[in-house]
Amino acid sequence: MQTPALKFCILAALVPASLSFQSFAQAPAPGAAPAAAYADEPLVIERSETVVEVAADGTGWKQRTLVARLQADAGVKRYSVLTIPYAGNSQHVEIAYARVTHADGTVVETPPTEAMDMPAAVTRAAPFYSDLKELQLPVRSLRVGDRLEFQYRIVRTRAETPGEFWGQESFSETAVALEQTLELRLPAGMVVQVWSPPSNQRSPAPPATVPPPRNISTDGALRS
């Protein structure tokens, strides 16, 4: 399974407004229902959406929404505890919901208040990164055959570099994904540099073979 990657870097900011940018991953097999097409897969991601909104000062938020069908123990193990990494000194996490729908239609909600704040594993080996944390939410009543839905938002309250923003996103290669989207919402006049490796490679290619970055203004113009 190929894994398209998208990296982005904000170069300049002017007047606040908005721009949407979307990228799509694989689709289900033509003419086949998702459940029938991937019945042997331990996990099927039916929908994964990531929205990143940036303010002119470099603050903002990233929101993730996921709907997945867990078809084997491996899928249940992967999502039995939702783990959300974040930087404690400049970010906080807001969980909107986490719910499980059983095969009989019963819905079990996991209250966001049950989430536990933990230091990231890397801090044990490298205390220098003590700012890195994880919010962990054990999902109630999760079992094989369930449909899991959750949404959370990581809010950045302080920019790493004032007036600038950067990040990286990769589409899943560890599970079948029927639809994945990434949307960037930017202030008007901001120029964003976007680049990705060739689609036939599983990892970023050497600089000589990577297509040159595209500078895209939020007024819709493509700049060299």
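**Close-up views of a predicted model**

View 1. One of the facing positions is V44, which stands opposite R69 in β3. Five residues lie between the two strands of the hairpin, and G58 in the turn has a positive phi of about 95°.

**View 2. Parallel partners of β2.** Strand β11 (residues 176–177) runs parallel to β2 and is joined to it by two bridges. Here I45 has A177 of β11 as its bridge partner. Strand β12 (residues 180–185) also runs parallel to β2, with six bridges between them; in β12, E183 is the bridge partner of V51.

**View 3. The largest nonpolar core.** This core has 24 residues, and Y79, L82 and F150 have the most contacts inside it. Elements giving two or more residues to the core include β2 (43–54), β3 (60–70), α2 (73–79) and β9 (147–156). A second, separate core has nine residues, among them V54, F165, V192 and V194.

**View 4. Surroundings of F150.** Leaving aside neighbours within four places in sequence, F150 is in contact with R64, T65, L66, Y79, L82, Y97 and A98. Of these residues, Y79 and L82 are named with F150 as having the most contacts inside the largest core.

**View 5. The loop at P111.** P111 is placed in the loop between β6 (107–109) and β7 (116–119). P111 counts as partly exposed because its relative accessibility is 28%, between the 20% and 50% cut-offs. Beyond its neighbours within four places in sequence, P111 is in contact with L137 and R140. The C-alpha atoms of P111 and Y97 are 7.2 Å apart, with 14 residues separating the two in sequence.

Terms used:
Residues are numbered from 1 along each chain as its sequence is written. This is a predicted model: local features need pLDDT of at least 70, side-chain atom pairs count only at pLDDT 80 or more; totals for chains, interfaces and linings use all residues. Side-chain values use heavy atoms; hydrogens and water are left out. A nonpolar core is a set of buried Ala, Val, Leu, Ile, Met, Phe, Trp, Tyr and Cys residues joined through side-chain atoms within 4.5 Å. Buried means under 20% relative accessible area, exposed over 50%, partly exposed in between (1.4 Å probe, protein chains only). Helices (H or I, at least four residues) and strands (E, at least two) are DSSP runs, numbered from the N terminus. Contact means heavy atoms within 4.5 Å. Two strands pair if DSSP finds at least two bridges between them.
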